[in-house]
Amino acid sequence: MLLDKSISQLAKLLRSKKVSSVDLVTEAYDRIADLNPQLNSFISLRDKEEVIKEAKKADEGIDQATSLLHGIPYSLKDAYVNKETQTTCGSQVLDGFNSPYEATVQKKLKDSGAILIGKNNLDAWGHGGSTENTDYKVGKNPWDITRIPGGSSGGSAAAISSRMISFSIGEDTGGSIRNPSSMCNTSGLKVSYGRVSRYGTISYASSLDSVGPMAKSVEDLALVLKNIIGKDKLDATSSNNNDTDYLTDLNKKVSKTIGLPKEFFDEGLDPKVKEIILKAVKKYEDAGHKVVEVSIPLIKYGVSIYYLTGLSETSSNMARYDGVRYGHSRQLLSDETKRRIMLGSYALSAGYADELYKKAQQARTKLIEEFTKAFKECDVLLAPVTPSIPAKIGELINDPLKSFLEDLYTGPINVAGLTSLSIPAGFTQDKLPVGMQLIGKRFHEAELLQLGHAYQQLTNWHLEKPSIIQ
Amino acid sequence: MTDSPKNYQLICGLEVHAELKTKSKMFCGCKNDPFHAPKPNLYTCPTCLGMPGGLPVPNKKAIEWTIKLGLALNCKINLFSKFDRKHYFYPDLPKGYQISQYDIPFCYDGYMDTSEGRVGITRIHLEEDTGKLLHKTIKNEKVSLVDFNRGGVPLVEVVTEPDIKTAAQAAEYGRKLRKIIRYLDIGNCDMQKGGMRLEANISLNETSDLPEYKVEVKNINSFKYMEQAINYEMKRQAVLLNDDKIPTQETRGWDANKQVTFSQRTKESAEDYRYFPDPDIPPLQFTKEQIESWKKDLPSLPEQVISDWKEEFNIEERYSQLLIDNVQAKALLGSIFAAAQKENVKPNDIAKEIINKNIKFNKDSKSQEVIADYQQLHQTDDLDSSVLTKTIGQILTANQDAVTKYQAGKTQVIGFLLGQVAQKLPQKLDMSLVRSELLKALEN
């Protein structure tokens, strides 16, 4: 199984001509054909013949390749515009939309020589944490197909977990990369706000959206990240702050102070999840890192700030899907999306904005201050990703409030613009994956990747695969 | 309509929109040239079409120009500013919101002096223009078409205080504002094409206090129409007020053919635009030094130039008013006038001939060429002064009644007498010389 290997292993095999890009692409299509009907990880696939042709070209150019991604098959969450397939964002409103231009992240990956296979399923417009709120087929978790894969980048995580693809680009507004990574036993990086260009990303909430890699390991994440970062003249919020080669220092031995924010471990947390996270903490302690308890009292408002901000912005960002263009009526928007547009419009309305949107922005500033304070006592924070294990399909979509609370530990990180790495931390007795997140200061991705990589050198959780492919 | 028995005072403020002539649009790299585009929707991209994933990046030049306009209008400048989203649905607005500025405009609290007093400038902000709707019948079907060549063009809005007291003052303010924008070389203000658009908020009161209603007349595309519309509204509203009726708070349009305003839309309550800071655009922070340096860059404004030219070159105001078009022309004319003075040619004469289009003048003109042109135009045959004196004597004798009129103070007869002299003398005359000789003879 070639796609079970790390990107650097594959890059070596490609360069020694023991394996070809055509082999990798063919394997990807075979596994997708085999598993996608059960998992619904993809909404759109490129024409196989066309992709094989591209792979042949990649094989011919392998000796001149400068990026380790050359010839490696990948997928995009269907929230990025590209020219090879339609872009739907999971919604019938955009069904059949062929973008005349491509996202910066897609352009960068193409330039690196990586090969796009298709576009992954998601909660429409990023509105959800379960990949159930898609207008296509409901996404499933490869570890238990009666359960959700998480979301909104659930298709990407499930595709990586089941080795349909080597890596994927997810999008994280309030946990959409980390949550499915945790639920599908994969690794995902929510980058600092501004680290990767958002140009060509279908906006959910512009001040929270982040474009990041999803893969099997931290090492793969570092490699992909290196290829997609940087200031983009087409995105005024992009930054070149501290851009670095994330691979060089990945193996550097570091000793850090890890903070456990006590508010992330209170009664809302499923004891099964808590136990697994605390074992991971112990592992770090044993490896010589210092662990301290910290407090971020305002975190109790974190999810409110996140939703007031995110839904206000999404009510505005969705205004362009007015039915005048793209061919489909806005009546096709799902209940969840309509709910979010209504809540956001309300929060921005005259007479309510002061108490809702504006207050949330004031609280946002305060919350950022609290994080800054916490980071004076530690280098990184360690926390669970979601309060509970992957829900049964149907459980969350019928309980919108519970669904919102899934973002309890992830949403506040976006509110503060920080970076956060989600990595596998263990399994429940029912063999359901549980992830943890390492949260870093803004633009401190390198620090997180080092710590995450160190953990993956000590543990094998990330190497475990769902039985569906064995 | 009868005239009002009561004495009402006009209370009027203006909102003027002007497109800036930057090379590219406000938030994308598309060409900013909507009026010369060879076909519709040519200068468009994912950002100005509001496509999924398109992002705005603000145009630095447009921001700098807006602030310079503010400085020229004596405004204070907000060192911290931002762009906001203004939401409303209209097919020419592809994002469902317009990027504008809400509570922190770049410029505020300025003024412009007019011959009827000072007009306070409330604020100047920068926003993006919308696309253009075309309603047509194609193959017997009525259709609405959208052209986005104009969508995303930088647009400044200058809002005044309700300080305007007459329709003529409103027009004067508008003309002056246009002159300043053109002079700063930041906009063409082509009113016919919509490059500059006027809106007047008009109400009447017996005192100078703001009354409880206002009528907004929108989309006026000439200063003359604005003056007419305000005068019309004053009469219309006075009639209502005399009947103890309060004019409806509404938006009206101006029908130039019928010379009336007409109701377009009544505003029951304020529209809710759900303004909030555009999260795609980081807030802007300027430094005092930056603003100071822009202020230093500002050329002296038309009024200053007129008085400078008067003092330095003795240029009549009626000429300078016509010549001060933009800042480039001003610099070039200044150097021509200086060179003329050196060569003992009166700058005022050159100014006059330029206006009368007797000498070629454009932005590439060289001062020496202009002066040479002038001299060629005024090359006169040598005139024997005794012939001239004699001719003048003959004319005065033959036209005694005109001489009498002149001595009675009717100096306009001089034109007639000059004409008579010129007829007698067939060669090309230096008329200023003839004039002074004629005056001498008349005074004796």
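**Close-up views of a predicted two-chain model**

By class, 22 nonpolar, 10 polar and 12 charged residues make up the lining of the second largest pocket. The model shown in every view is predicted.

**View 1. The second largest pocket and its lining.** This pocket holds about 1,000 Å³ of space. Its lining comprises 44 residues. Those that lie nearest the centre of the pocket are Tyr357(A) and Gln361(A) from chain A, together with Lys82(B), Phe276(B) and Pro277(B) from chain B. Two elements give two or more residues to the lining, namely α11 (354–377) of chain A and β15 (276–277) of chain B. The greatest contribution comes from α11(A), which supplies eight residues.

**View 2. The interface of chain A and chain B.** Contact involves 35 residues of chain A and 27 residues of chain B. About 2,400 Å² is buried between the two chains, and carbon and sulfur atoms give 57% of this area. On the side of chain A, the residues that lose the most area to chain B are Ala236(A), Ser316(A) and Arg320(A), which together account for 23% of what that side buries.

**View 3. Polar pairing across the interface of chain A and chain B.** Between chain A and chain B the count is one salt bridge. Its partners are Arg198(A) and Asp280(B), with the closest N and O atoms 3.1 Å apart. On the side of chain A that touches chain B, the elements giving two or more residues are α9 (302–317) and α10 (335–348) of chain A. Of the elements on that side, α9(A) gives the most, with four residues. By class, the side of chain A that touches chain B has 17 nonpolar, 11 polar and seven charged residues.

**View 4. The salt bridge of Asp4(A) and Arg163(A).** Side chains of opposite charge can pair when their charged atoms come close. Over all chains the count comes to 52 salt bridges. In the pair shown here, the side chains of Asp4(A) and Arg163(A) meet at 2.7 Å, N to O. The pair links distant parts of the chain, the two residues being 159 residues apart. Asp4(A) belongs to the segment before α1 (7–15) of chain A, whereas Arg163(A) lies in the loop between α5 (154–161) and β4 (167–172) of chain A.

View 5. The peptide bond joining Gly151(A) and Ser152(A) is cis, with omega about 10 degrees. Phi of Thr131(A) is near 60 degrees, a positive value in a residue other than glycine.

How values were computed. Residues are numbered from 1 along each chain as its sequence is written. Chains are lettered from A and ligands numbered from 1 in the order in which they are written. This is a predicted model: local features need pLDDT of at least 70, side-chain atom pairs count only at pLDDT 80 or more; totals for chains, interfaces and linings use all residues. Side-chain values use heavy atoms; hydrogens and water are left out. On a 1 Å grid over the protein atoms alone, a cavity is a set of points where a 1.4 Å probe fits but cannot get out, and a pocket is an open set with protein on both sides within 12 Å along at least five of seven lines; lining residues have an atom within 4 Å of a point. Grid points are joined across faces, edges and corners, and a volume is the space filled by probe spheres set on the points. Ala, Val, Leu, Ile, Met, Phe, Trp, Tyr, Cys and Pro count as nonpolar, Asp, Glu, Lys and Arg as charged, and the others, Gly among them, as polar. Contact means heavy atoms within 4.5 Å. Buried area is the accessible area (1.4 Å probe) that two parts lose on being put together, summed over both. A salt bridge is a side-chain nitrogen of Lys or Arg within 4 Å of a carboxyl oxygen of Asp or Glu. A polar contact is a pair of N or O atoms within 3.5 Å; within protein, one must be able to donate a hydrogen and the other to accept it, and residues adjacent in sequence count only if both atoms are side-chain atoms.
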